[in-house]
Amino acid sequence: MRRSVEHLSSERGHEHEREHRHGQRRAVQNRTRSVRNRTRAARRRTRAVALAACALLTAAGTADVLRGTAHAAPAAARVDNPYAGAGVYVNPEWAAKAAAEPGGAKVAGQPTGVWLDRIAAINGTGGSMGLRGHLDTALRQAAGRPLVVQLVIYNLPGRDCSALASNGELGPTEIDAYKTRYIDPLAAVLADPKYASLRIVTTVEIDSLPNLVTNTGGRATATPQCDAMLANGNYVKGVGYALNKLGAVPNVYNYVDAGHHGWIGWDDNFGASARLLHQAATAEGSTVDKVHGFITNTANYSALKEENFALGDSVAGRSVRESKWVDWNRYTDELSFAQAFRQEAVRAGFRPDVGMLIDTSRNGWGGSARPSGPGPRTSVDAYVDAGRYDRRLHVGNWCNQAGAGLGERPRTAPAAGVDAYVWMKPPGESDGSSSAVPNDEGKGFDRMCDPSYEGNPRNNYHRSGALPGAPLSGHWFPAQFRELLKNAHPAV
């Protein structure tokens, strides 16, 4: 999946003059956190009702589900954090592939996202389970307890306008097909009373809206396709329509994709992206009430926490922000970015109780290359480069990254403002093919997946860092899975 750095260093050389704003930002964050805590306290009674309702499944509905009947399960009340007190669906198809790899059985029981990346995926393709098959299996896994099912909604017209590996089946103008042939059938399945007891988390359209900020206009990183999608408005319309239709289902929790720190962490991208997400959340009949939260680092590799250097550090009189790796970004890792973006989203008009998800499926960066401490203080670049956990050649590299490892295991409420760490991208599924592969899935060949590629403006002309021998995006890539397992942090 596409991820890129969108900045021009020359435009940011004077950003250090704005450092005094951090104190003001922290004050706003503290006030907003207080509001969030009060809101959550007020909703504890609702959560208790939800748990009680789910407990009724054992006596009233679960036996029928396990016998394969079509009886509707009792609906669960909406909760503040859908992951709290709940299990999470394990996709048996991914689990079987993981377990078949050497050592893979150790992680095959982890929950992962189900990607609905084309219209045909709703009913299943090539022998793979369709949406109802996953939901029926989830009911059996639930066995009377609350269970989260994680879905990736991923089929916008003109999808992934700044990359080719994950282009989709719908052309830039096919917004009506997106609505009537993709979102409407999805919503109809999710609204079936049979599935009312499940907590359905939808990750809405990754790799879309931030592109309209970072890859358009006069920027060196602009692409004609992203300019076209900004002009026709179909990303905004599509996301708004999806939020409205899916959010109307009482047990659906929409989380909108918010990029990652190495994409929109700079001042000229950060606030603009939050405002654009708000525009989409209030388009096509949707409201901010239909956005439960945001997800960062989806299908990406940004380290969760960089512990060997911090933005406040300086070496030989130079700030860490001046290093080539950080390059004046306001954030060094995903946790700090996600927590700050939540506050920015609230300032942009979203509800103060929105939560965050962070995809940690491939950002562990363990193994023998993991630094054990800070780098030398000979220069700011040496200090950062030798100490950073993220070993990519550039933070804009996004395709099948060599040296990556499994990250933190899925976990509920791991940090303030974060609803869960999740494995939304199933480890071992390719980001894109290393060379052109004919296919009927609408997926092109992106040179960022070619190990020999020497880069473009979106990764500041660095080598791609991609593994060789990769299949089409979404297809099983055994070599990648084995490397992720070997380099897992925490270790498996």
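The model is predicted: local features need pLDDT of at least 70, side-chain atom pairs count only at pLDDT 80 or more, and totals for chains, interfaces and linings use all residues. Residues are numbered from 1 along each chain as its sequence is written, and side-chain values use heavy atoms, with hydrogens and water left out.

**Stop 1: the annotated position**

Select Asp-160. UniProt, in an unreviewed entry, places the feature "active site" at this residue; such annotations may be inferred rather than shown by experiment. Asp-160 sits in the loop between strand 3 (147-153) and helix 6 (175-190), where helices (H or I, at least four residues) and strands (E, at least two) are DSSP runs numbered from the N terminus. Asp-160 counts as buried because its relative accessibility is 0%; buried means under 20% relative accessible area, exposed over 50%, and partly exposed in between (1.4 Å probe, protein chains only).

**Stop 2: the disulfides**

Two disulfides are present in the structure, a disulfide being a pair of cysteine sulfur atoms within 2.5 Å. With the bonded cysteines numbered in sequence order, the pairing is 1-2, 3-4.

Select Cys-161 and Cys-226, which are joined with an S to S distance of 2.0 Å. Cys-161 belongs to the loop between strand 3 and helix 6, and Cys-226 to helix 8 (residues 224-232), so the pair ties together parts that are 65 residues apart in sequence. The link is right-handed, with 90° about the S-S bond. Cys-161 is buried at 5% relative accessibility, and Cys-226 is buried at 0%.

Next, select Cys-399 and Cys-449, a disulfide whose sulfur atoms are 2.1 Å apart. This pair links distant parts of the chain, 50 residues apart: Cys-399 is in the loop between helix 13 (380-387) and strand 10 (411-415), and Cys-449 is in the loop between strand 11 (418-422) and helix 14 (478-486). The link of Cys-399 and Cys-449 is right-handed, with 100° about the S-S bond. Cys-399 is buried at 0% relative accessibility, and Cys-449 is buried with a relative accessible area of 0%.

**Stop 3: the largest cavity**

The structure holds 2 cavities of 30 Å³ or more. On a 1 Å grid over the protein atoms alone, a cavity is a set of points where a 1.4 Å probe fits but cannot get out, and lining residues have an atom within 4 Å of a point. The largest cavity contains about 60 Å³ of space, a volume being the space filled by probe spheres set on the points, which are joined across faces, edges and corners.

To display its lining, select His-261, Gly-262, Trp-266, Trp-325, Val-326, Asn-329, Tyr-331, Thr-332 and Val-395. The lining divides into 5 nonpolar, 4 polar and no charged residues; Ala, Val, Leu, Ile, Met, Phe, Trp, Tyr, Cys and Pro count as nonpolar, Asp, Glu, Lys and Arg as charged, and the others, Gly among them, as polar.

**Stop 4: backbone geometry**

Select Asp-327, in the loop between strand 8 and helix 12 (334-348). Although not a glycine, Asp-327 has a positive phi of about 55°, and the residue is buried at 11% relative accessibility.

Ala-316, likewise not a glycine, has a positive phi of about 50°. Ala-316 lies in the loop between strand 7 (314-315) and strand 8 (318-319) and counts as exposed, at 73% relative accessibility.

Finally, select His-489 and Pro-490: the peptide bond from His-489 to Pro-490 is cis, with omega near 0°. Pro-490 is placed in the segment after helix 14.

Methods. On a 1 Å grid over the protein atoms alone, a cavity is a set of points where a 1.4 Å probe fits but cannot get out, and a pocket is an open set with protein on both sides within 12 Å along at least five of seven lines; lining residues have an atom within 4 Å of a point.
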